[in-house]
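User: Let's go through this model together, beginning with the whole chain and then picking out some details. Here is what we'll be looking at.

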Amino acid sequence: MIYETFDYRKTGYFSSIVIDYLADQLLVDDLFQYHRTIEGLIQSINDRKNIPCDRLRLQQSLLIEYEDQILSNATKFNIELLADTTTFTITTGHQTNIFMGPLYVIYKIAQVIKLSRYCTDYFADKTVVYKFVPVFYLSSEDADLLELGHCTCLGELFNWDTTQTGAVGNMFVDDSLISLLEKLESKWKHYPYGDDLSNLLKQSYKKNVTIKKATFTLLNRLFGSFGLVILTPNSYAKKSLLPILKKDIENSCVYNSVQQTIARMSPHYKPQVNGRMINLFYLTNNARERIEKQSDYYQTVSGSRTWTHNELLADMEECTDFFSPNVLLNAALHQKILPNVLVVGGGGELAYWLELKQTFNDLGVHFPMLVLRNSFLLIDEKMKSKMDKMDITATDLFLADADFIKKHTAKEVPISFFEPEIKLINDLLDKMVAKLTTLDKGLLQFGIGTKTKILNLTSDLDKKVFQLEKKQRDHILEKYKIIKSALFPNGHLQERVDNFSYYYARYGDNFIKLIIDKSAVLEDQFTIVYLQNNTNTYE
């Protein structure tokens with residue numbers, strides 16, 4: 001596979017706070033703890049050692065999660081490694097999008113796998129041998145079906161039409177979702193690994209299975225052989241977070257510390273999240289409702305459930321599974337229970353993590369090294385052929401339309417195609433008319449009229465050539481827009497729209513291996529990959 005890398009700053013798709021973070025030029029001090037280097041990682045490890053972690057209980061809870069899964073040797077080995085105090089985790093996470101959602105979910109996971117390998121190899125011959133386990137935190141309690149209930153394959157949007165409500169992870173695979181999968185199959189069934197993909201998804205999304213379990217199964221089948229460990233907000237995880245949840249109820253500590261950080265950031269950067277006085281939801285079978293504090297009691301936002309202060313604390317202790325942390329406390333949750341030293345996240349995630357350092361310090365939770373997830377642009381051989389015919393480079397794909405036209409057609413589309421020739425003709429006609437001044441006045445007027453007619457004719461010809469060139473230029477621009485719209489759907493990065501299914505149907509497991517192989521480690525680079533016809537190898 002041919003690939004090239006690109007500077008994030010030149011893409012135009014990343015926020016100023018992310019660009020400044022990558023360049024070590026943040027305009028606000030003390031938003032992160034460790035630089036993205038091996039030295040920074042060692043500091044993160046040393047600091048994480050000082051915070052207790054119940055490794056055996058973590059192991060037990062993970063093994064319970066895998067009881068009804070095919071546990072690969074690689075994942076089993078990694079779970080066993082977690083008992084060792086010299087083993088640490090590298091984590092990423094996402095919600096339960098149906099069928100894995102956008103491509104960047106694959107990219108996140110590939111990067112933590114690659115990073116874990118790299119870091120383990122790096123420390124293999126050092127005085128202290130540290131080992132690293134890739135972890136995916138499956139945030140299964142998000143209730144935003146509008147965001148999670150669709151996927152895009154080959155430019156077509158597929159929506160899950162269901163009447164179910166509440167946390168998407170707790171919803172069940174129904175006839176509508178099975179029907180949606182059958183429609184999706186028509187997009188990939190003729191590709192070499194189309195049947196493999198269909199079987200993979202059907203084995204994961206079985207009727208009446210929860211979306212959480214279906215997503216867990218799919219993740220495990222795709223990445224289990226690479227040793228990925230999957231963690232969900234289970235009872236153990238939530239109970240471990242109880243002291244923090246209670247502290248937040250008591251004095252809104254998360255909100256207060258986040259607001260202090262935002263006050264420092266806001267003159268320079270737009271906050272990603274603002275936090276709330278209470279960062280907790282109440283879960284039922286068909287709803288996930290925010291909890292709000294009233295004058296002397298607490299209630300869900302709909303008013304369907306109320307508590308006194310003591311009742312809420314007691315309920316949290318006895319019925320922990322009914323309480324769901326928001327995005328800010330979710331970050332603290334996996335940091336609390338995992339021996340985690342590094343988090344991989346997208347631009348938006350990185351932005352809200354940069355708001356949390358003070359919060360984590362106040363809560364006594366380790367604040368990890370932050371690494372921006374890899375971004376890829378995948379270009380298949382058909383699209384590459386179109387680009388080559390138009391002499392379009394990867395850099396051109398990130399140009400505005402006007403800049404592309406300026407680069408590719410400026411020399412070919414002069415304002416006047418015949419400008420030098422028209423000047424010569426005009427000079428020659430002037431000389432001819434001048435000679436007529438010594439002759440008959442009537443002949444002079446005829447000469448002047450003839451000059452005007454000739455210049456009008458040459459001007460008409462010049463305009464026709466310009467119109468032809470403009471038409472050709474517009475044709476080039478239209479072809480460029482077609483290529484760009486295919487690679488940047490609706491003006492967005494490909495990875496934020498397209499599902500992995502087309503690529504898996506064409507390349508099978510080799511697609512996963514390719515993304516892992518080409519994933520950067522601690523480098524900051526946008527990677528363009530030119531896919532080839534050969535589906536039997538990714539090299």
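User: Among contacts between residues at least 6 apart in sequence, what share joins residues at least 24 apart?

Analyst: Heads-up, this is a predicted model: local features need pLDDT of at least 70 and side-chain atom pairs count only at pLDDT 80 or more, while totals for chains, interfaces and linings use all residues. Residues are numbered from 1 along each chain as its sequence is written, and side-chain values use heavy atoms, with hydrogens and water left out. Contact here means heavy atoms within 4.5 Å. Of the protein chain's contacts between residues at least 6 apart, the share that joins residues at least 24 apart is 76%.

User: What radius of gyration does the protein chain have?

Analyst: Along its principal axes, the C-alpha trace spans about 115 × 55 × 55 Å. The radius is taken over C-alpha atoms, and the globule rule to hold it against is 2.2 Å times the number of residues to the power 0.38. For 539 residues a compact globule would come out near 24 Å, but this chain has 31 Å.

User: What percentage of the residues is buried?

Analyst: Buried means under 20% relative accessible area, exposed is over 50%, and partly exposed lies in between (1.4 Å probe, protein chains only). Out of 539 residues in the protein chain, the buried ones make up 53%.

User: How many helices and strands are there?

Analyst: Both are DSSP runs numbered from the N terminus: helices are H or I with at least four residues, strands are E with at least two. Counting that way, the protein chain has 21 helices and 15 strands.

User: Which residue of β12 stands opposite Thr 91?

Analyst: Strand β2 (residues 87-95) runs parallel to β12 (residues 340-345), and three bridges join them. Opposite Thr 91 you'll find Val 343.

User: Is α2 roughly parallel or roughly perpendicular to α5?

Analyst: Axes are lines fitted to C-alpha atoms, for helices over the stretch in contact, and angles run from 0 to 180 degrees between N-to-C directions. Under 35 degrees counts as roughly parallel, over 145 as roughly antiparallel, 65 to 115 as roughly perpendicular, and the rest as oblique. The axes of α2 (residues 38-49) and α5 (residues 104-123) come within 12 Å and cross at roughly 85°. That makes α2, relative to α5, roughly perpendicular.

User: Which residues of α5 make that contact?

Analyst: From α2, the contact uses Ile 38, Leu 41, Ile 42 and Ile 45. From α5, the residues are Tyr 118, Cys 119, Tyr 122 and Phe 123.

User: Is Thr 458 buried or exposed?

Analyst: Thr 458 belongs to helix α19 (residues 441-487). Beyond its neighbours within four places in sequence, Thr 458 is in contact with Ile 422 and Ile 425. Its relative accessibility is 15%, so Thr 458 counts as buried.

User: How far apart in space are Ser 459 and Ile 422?

Analyst: Ser 459 is also placed in α19, and it is partly exposed, with a relative accessible area of 28%. Ser 459 and Ile 422 are 37 residues apart in sequence, and C-alpha to C-alpha their separation in space is 7.9 Å.

Definitions and conventions: Two strands pair if DSSP finds at least two bridges between them.
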